[in-house]
Amino acid sequence: MALNPEFVGRVYPSTAPYRVGREKVREFANAIGDQNPAFHDVDAARALGHVDLVAPPTFAIIVSMKASEAVLFDPELGLDYTRVVHGEQRFSYTRPIVAGDDLVVTTTIESIRTMAGNDLITTRGDIVTAEGEPVVTTHSLLVSRAPDEATS
Amino acid sequence: MTGIAWTDVAVGDELPGQTFPIERVDLIRYAGASGDFNVIHWNERVATSVGLPDVIAHGMLTMALAIRVVTDWVGDPGALVEYGVRFTRPVVVPDDGHGATLAVSAKVTAKNDDGTVVVALTASSEGSTVLGRATATVRLA
């Protein structure tokens, strides 16, 4: 099913702040098997010049996905989530996310197109602190795969 | 700051490669920590019913593992400026007692005047490339 092209350019208001907790940072780092001391040891993170534990680079996806789910599940968009796969992902860091951050996200739908029956949707998530300081920008391309009969 | 000096790095330099074993339990742990409970990452019945060969790893887990080659090299993960990938093939994780292996290598492809370098990453599993256009920009000392 083709996605509703009227959604291109839509900007969704900032989410409620996401508080980055030390234990969540450690849990995420353990889940990706990464024992870099900056993710686990506050003193080690501070020795590198950070104010608290550093979150792993891909931690930003937790914050941005939470924000974009509301967008992607909007029935008027017409996205069949059971057929969605992650096509591309990019992060641009102004600074790393650190424990103690209160982060809000503004989600923008940048493009919607159809290729070989697959629906492609690109979203941008601008992650900033509650005070408005830029932290990370995420770009995600999601692909809703065409039904099998269209691909064979 | 980081331990690697920009002046000591040349285009073409290879970073130490790494291999990462991925078992089903790693997908369960990642689902819990990330909140991504998409069924195709833990349920074989559903994964095969939507045309996948078996349960597949979260693309974001693959992305998280691959960047280790860069962050372990520089030491400070906060030195990362940009990181992007395309998910070209899934990492299939069979329930056969050993799972999958992700092999990652990386090479410096550009040096920028602002003190950063661009690193191109290559990630493969069972002989197939799984990430495309995987590049990271990192600030050096």
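A salt bridge, as I use the term today, is a side-chain nitrogen of Lys or Arg within 4 Å of a carboxyl oxygen of Asp or Glu. Keep that cut-off in mind, please. The model on the screen is a predicted one.

Let me start with the two chains, one at a time. Chain A has 5 helices and 6 strands. Starting at the N terminus, the order of elements is β-β-α-α-α-α-β-β-β-β-α. Its C-alpha atoms fill a box of roughly 55 × 35 × 20 Å along the principal axes.

Now chain B. Here we have 4 helices and 6 strands. Along the sequence, the pattern is β-α-α-α-α-β-β-β-β-β. The C-alpha box for chain B is roughly 50 × 30 × 25 Å, again along the principal axes.

Next, the contact between the chains. Together the two chains bury about 2500 Å². Of that area, 56% is on carbon and sulfur atoms. Which residues of chain B lose the most area to chain A? They are B:A33, B:M60 and B:P77. Taken together, these three account for 20% of what the chain B side buries.

Back to salt bridges. Between chain B and chain A the count is 3. One to look at is the pair A:E88 and B:R86. Their side chains meet at 3.6 Å, N to O. That falls inside the 4 Å limit, so the pair counts as a salt bridge. Polar contacts join the chains too. There are 12 residue pairs in polar contact between chain B and chain A, with both residues at pLDDT 80 or more.

β2(B) pairs with strand β3 of chain A, residues 84-93. The two strands run antiparallel and are joined by 5 bridges. A:Q89 is opposite B:V85. A:R90 is opposite B:G84.

Strand β3(A) has a partner within chain A as well. β3(A) is joined to β6(A), residues 134-144, by 9 bridges, antiparallel. There, A:H86 has A:L142 as its bridge partner.

Chain B has its own strand pairs. β1(B), residues 14-22, and β3(B), residues 100-111, pair antiparallel over 7 bridges. B:Q18 faces B:V104 across that pair. β3(B) is also joined to β4(B), residues 116-125, by 9 antiparallel bridges. In that pair, B:A103 is opposite B:S124. β3(B) and β4(B) make a hairpin with 4 residues between the strands. In that hairpin, B:G115 takes a positive phi near 90 degrees.

Last, two links inside chain A. Over all chains, the structure holds 16 salt bridges. One of them joins A:D52 and A:R22, at 2.9 Å, N to O. Where do these two residues sit? A:D52 is in the loop between α3 and α4 of chain A, while A:R22 is in helix α1 of chain A. They are 30 residues apart, so-called distant parts of the chain.

For rings, the whole structure has 4 aromatic pairs over all chains. Take A:F28 and A:F59. This pair is edge-to-face, 5.4 Å centre to centre, with 85 degrees between the planes. A:F28 is in helix α1 (residues 22-31) of chain A. A:F59 is in the loop between α3 (42-47) and α4 (60-72) of chain A, 31 residues apart from its partner.

Definitions and conventions
Residues numbered from 1 in each chain as written. Chains lettered and ligands numbered in written order. Predicted model: local features only at pLDDT ≥ 70, side-chain atom pairs only at ≥ 80, totals over all residues. Heavy atoms only, no water. Buried area = accessible area lost by both parts, 1.4 Å probe. Polar contact = N/O pair within 3.5 Å; in protein donor to acceptor, adjacent residues only side chain to side chain. Pairing = 2+ DSSP bridges. Phe/Tyr/Trp six-rings, centres within 6.5 Å; stacked < 30°, edge-to-face > 60°.
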